[in-house]
Amino acid sequence: MAKKVKTPDYIDVHIEVANLEEGVKLAQTAEEDGYELIISRGGTATMIQEKVSLPVVPIDITGYDMLRVFTLIKEMNNKVALLGFANISRGAATLCDILEFNVKMITIQSRDEVKRHLLELKQAGYSVVIGDVVTVQEAKQIGLRGVLITSGKEALMDAFEEAKRLYELFYKSKTSANYVNDAMNNMPIPIAVSVQNQIIYKNNAFKSLEHKDVLTQDKQLRELVNQVLYTGKEQWGQLNIANLYYLVQAYWIKDEALAVGIFIHNVFSLKNENTYMLDSNPSHLPIIGESETSKLLSRLIQIHADNKAALCIYGEPGVGKRTVARNIHFQRYGNGTPLLEVTCSLLNETEIAHLQTILRSMKEGTLLLNEIDQTDRGLQDRLLKLLQQKPIDIKLISITTAQLEILVKQELFLIELYERIIANFMHIPPLRQRKRDIPLFIHYFLAEFHAADGGEALGIKGHAIEYLMEFDWHLNLLELKKVCKTLSVQTSGYYVELDDVKKVMQMTLGCSQGERKLLESDAGRLGRQQ
């Protein structure tokens, strides 16, 4: 019958005859050989659906098929039973009730049940059994008459029509999937997919990475993926592998599969490692101090955190501009939202292009432009265009040690860029104008160094603090922190004494001019920690 059904030229039909387990084996072989759809019937179709991933179209037993069978047996005076899977017995039972045929219905779940039921039927006086091929074959072996239920041309044609519909849908979906797969594979950005913490897919750009095998096994990358699974939010991070830095974004793909997508946005060497600093989970850094200035800073931080407009933070080196910026970010977004810090003095054309790609991928967060006043004049137009196109949910904060108005007047700073970043302005006074905070900073730094380095010093005597408060601290917190570190290392007792402080300050103030310049040059580098 199947060979007589006409099919479209674009569909290649291959016909095999087999029942149940044999049919499953043939179906599995067909899947391996590249077949795209299977048509089967009865229990064989049910078993195939459980074992292969291909679409399976069942050939139904129609009302016409059942009528044909009952027509054959209606004149029989013998006791008749129907034995089959649910797809046969359900419809047959309804039809028998309507036509008032006296046929016993037995529904089976597996082929192994057939022989037992047939023996019970024979013992009960039944001589005719209706069923599929397996039932009829078993019935003959134990001396019962088997009547085969066949699917007529109507059922077969319906199955082929459904198969054509499914094939066309499957073909369109497969074609679309191939386009997506090709787009992913050929995308210039390295992409990978992790499922249950195992990398199952890498596109061509990822495969071409110099240290791809080390990267996929990297502990930092696994922690980033785990953060996505734990928080349900996208995560960003910088991975350091073999003297290269990888800027990575990890994000949800599918909840129930624990699938996480991985983007490698940029790869750069150690020589420009400080151009970007991306923190996906920035911690809260406290605003230390009891002076009116410190209290005002705390209020201003909350005000600017609630305001989406751009902010420019101005102050001398080492006053804590970066700490204030990170506090604003934390107050606005909390933990788990990326803070992208860019050192503008190190920017070039290529890195601005990479920065634009990163910003497009960030749904929300903070863009912190450090040393904005030192942006190369030839790049300021590009930076302005980037800021004009940045997503609205990204807070822009700029940091400068120079008075930008003077640079604008000298035509060293683009006025349009100035207007873009200066929507709000915040000045942080130097340490010499908030000396009341110095004791708290000293205690904070000593505790920090004790925890980090295991220094002996647990505190500092009052006279020693008073002595330190007499200095102007031209490098502000940078200089104070450096002195506290020296005191933590060199003090032999549990408390820093006045003599300890005098020795360290004499050494600091009495150092050579070259050493003093070296200390001041540390401001740009160490300032990123304040």
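Me: What counts as buried, exposed or partly exposed here?
Reply: Buried means under 20% relative accessible area, exposed means over 50%, and partly exposed is in between (1.4 Å probe, protein chains only). This is a predicted model, in which local features need pLDDT of at least 70 and side-chain atom pairs count only at pLDDT 80 or more, while totals for chains, interfaces and linings use all residues. Residues are numbered from 1 along each chain as its sequence is written, and side-chain values use heavy atoms, leaving out hydrogens and water.

Me: OK. How many salt bridges does a search of the whole structure find?
Reply: The search finds 12. A salt bridge here is a side-chain nitrogen of Lys or Arg within 4 Å of a carboxyl oxygen of Asp or Glu.

Me: Which residue does Lys 481 meet in a salt bridge?
Reply: Lys 481 meets Glu 448, at 3.6 Å from N to O. Lys 481 is in helix α19 (residues 476-490) and Glu 448 in helix α17 (residues 438-453), so the pair links distant parts of the chain, 33 residues apart. Helices (H or I, at least four residues) and strands (E, at least two) are DSSP runs, numbered from the N terminus.

Me: Are those two buried or partly exposed?
Reply: One of each. Lys 481 is buried, at 17% relative accessible area, whereas Glu 448 is partly exposed, at 31%.

Me: What about Lys 461, which residue does it form a salt bridge with?
Reply: With Glu 497, the closest N and O atoms being 3.1 Å apart. Lys 461 lies in the loop between β18 (459-460) and α18 (462-468), and Glu 497 in the loop between β19 (495-496) and α20 (498-509), so the pair ties together parts that are 36 residues apart in sequence. Lys 461 is partly exposed at 36% relative accessibility, and Glu 497 is partly exposed at 36% as well.

Me: And Glu 120, which side chain does it meet?
Reply: The side chain of Arg 116, in a salt bridge of 3.6 Å, N to O. Both are in helix α5 (residues 114-123), and they are about one helical turn apart because four residues separate them. In general, an α-helix has 3.6 residues a turn, so residues three or four places apart point the same way. Glu 120 is partly exposed at 42% relative accessibility, and Arg 116 is partly exposed at 43%.

Me: Switching to rings. How many aromatic pairs are there?
Reply: A search of the whole structure finds six. Rings of Phe, Tyr and Trp (its six-membered ring) pair if their centres lie within 6.5 Å; planes under 30 degrees apart count as stacked, over 60 as edge-to-face and the rest as tilted.

Me: Why does the pair of Tyr 314 and Phe 425 count as stacked?
Reply: Because the planes of Tyr 314 and Phe 425 are at 25°, with ring centres 6.2 Å apart. Tyr 314 is in strand β13 (residues 311-314) and Phe 425 in strand β17 (residues 424-427), 111 residues apart. Tyr 314 is buried at 18% relative accessibility, while Phe 425 is partly exposed at 44%.

Me: Which residues do ring pairs link into a cluster?
Reply: Phe 441, Tyr 444 and Phe 445.

Me: Back to helices. Which residues are buried in helix α6?
Reply: In α6 (residues 133-141), Val 134, Thr 135, Val 136 and Ala 139 are buried. The buried residues of α6 pack against α1 (20-32), β3 (80-84), α5, β5 (128-131) and β6 (145-148). Contact means heavy atoms within 4.5 Å.

Me: What comes just after α6?
Reply: Gly 143, which takes a positive phi of about 90°.

Me: Last one. What does Gln 28 touch?
Reply: Gln 28 touches Lys 51 and Val 52, not counting residues up to four places away in sequence. Gln 28 lies in helix α1 and is partly exposed, at 30% relative accessible area. Gln 28 and Ser 53 are 25 residues apart in sequence and 9.2 Å apart in space, C-alpha to C-alpha.
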